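Thanks for coming. I have one structure to go through today, and I will take it piece by piece.

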Amino acid sequence: MDEKNERDYYMLIRVATFLEDAASLGIAGVVGLEDIRGLFGNAMIQHYFGLYKPYIEHEPQRQPQLFPNFRRLAREETNR
C-alpha cells in the first residue's frame, strides 16, 4: 500500500473506530447512549454504518469482534 492509500485507510478506519469507542462508552454506562445519539444523530450514525457495513460484515472471517458496539448502536438506532 502506498503512502497516500495508507493515510486514506487510516482516516477511514479512524471514523469507524471513533464510533465504536463512543458506543462502547454508552454501553458501559459512562455516558448515555441517548447522549451519543443526541450528539451525532441517527442520520449520521446510519450514514457511516452504511458506508462501513460491507467491510464490517466481510471482516468477521478474519476479525470476529470487529466493531460490535458500533453495530449495536446502528441496530438500536434502526429499531427506535
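Is E34 buried, exposed or partly exposed? E34 is partly exposed, with a relative accessible area of 48%. Before going on, please keep in mind that this is a predicted model.

I start with E34 because its side chain meets that of R37 in a salt bridge, at 3.1 Å from N to O, which is within the 4 Å cut-off. Both residues lie in helix 2, three residues apart, about one turn of the helix. In general, an α-helix has 3.6 residues a turn, so residues three or four places apart point the same way.

The structure holds three salt bridges. Another of them joins E57 and K53, at 3.9 Å from N to O. These two both lie in helix 3, four residues apart, again about one turn of the helix. E57 is exposed, with a relative accessible area of 52%, while K53 counts as partly exposed at 37%. Then there is the bridge between the side chains of R14 and D21, also 3.9 Å from N to O. R14 is partly exposed at 32% relative accessible area, and D21 counts as partly exposed at 38%.

Now to helix 3 itself. How far apart are the end C-alpha atoms of helix 3? They are 24 Å apart. At 1.5 Å a residue, the 17 residues should span 24 Å, so the two values agree. On the buried side of the account, helix 3 has I45, F49, Y52 and I56.

Two of those residues bring us to the aromatic rings. Searching the whole structure gives four aromatic pairs. One of them is F49 with F70, an edge-to-face pair with 5.4 Å centre to centre and 85° between the planes. This pair links distant parts of the chain, with F49 in helix 3, residues 42–58, and F70 in helix 4, residues 68–78, a separation of 21 residues. Why does F49 count as buried? Its relative accessible area is 12%, and the cut-off for buried is under 20%. F70 is buried too, with a relative accessible area of 0%.

F70 also pairs with Y52. Here the ring centres are 6.4 Å apart and the planes are at 70°, so this pair is edge-to-face. The cut-offs that matter are centres within 6.5 Å and, for edge-to-face, planes over 60 degrees apart. Y52 in helix 3 and F70 in helix 4 are 18 residues apart, and this pair likewise links distant parts of the chain. Y52 is buried, with a relative accessible area of 9%. Taken together, ring pairs link F49, Y52, F67 and F70 into a cluster.

Last, the surface. Which residues make the nonpolar surface patch of about 240 Å²? The patch is made by L25, V30 and V31. V30 lies in the loop between helix 1, residues 3–28, and helix 2, residues 33–40. At 59% relative accessibility, V30 counts as exposed.

That is everything I have. I am happy to go back to any part.

Notes. Residues are numbered from 1 along each chain as its sequence is written. This is a predicted model: local features need pLDDT of at least 70, side-chain atom pairs count only at pLDDT 80 or more; totals for chains, interfaces and linings use all residues. Side-chain values use heavy atoms; hydrogens and water are left out. Rings of Phe, Tyr and Trp (its six-membered ring) pair if their centres lie within 6.5 Å; planes under 30 degrees apart count as stacked, over 60 as edge-to-face and the rest as tilted. Buried means under 20% relative accessible area, exposed over 50%, partly exposed in between (1.4 Å probe, protein chains only). Patches are made of residues with over 30% relative accessible area and no salt bridge: like charges are joined within 9 Å, nonpolar side chains (Val, Leu, Ile, Met, Phe, Trp, Tyr) within 5 Å. Accessible areas come from the Shrake-Rupley method with a 1.4 Å probe; for residues, only the protein chains shown count as cover. The expected span of a helix is 1.5 Å times one less than its number of residues.
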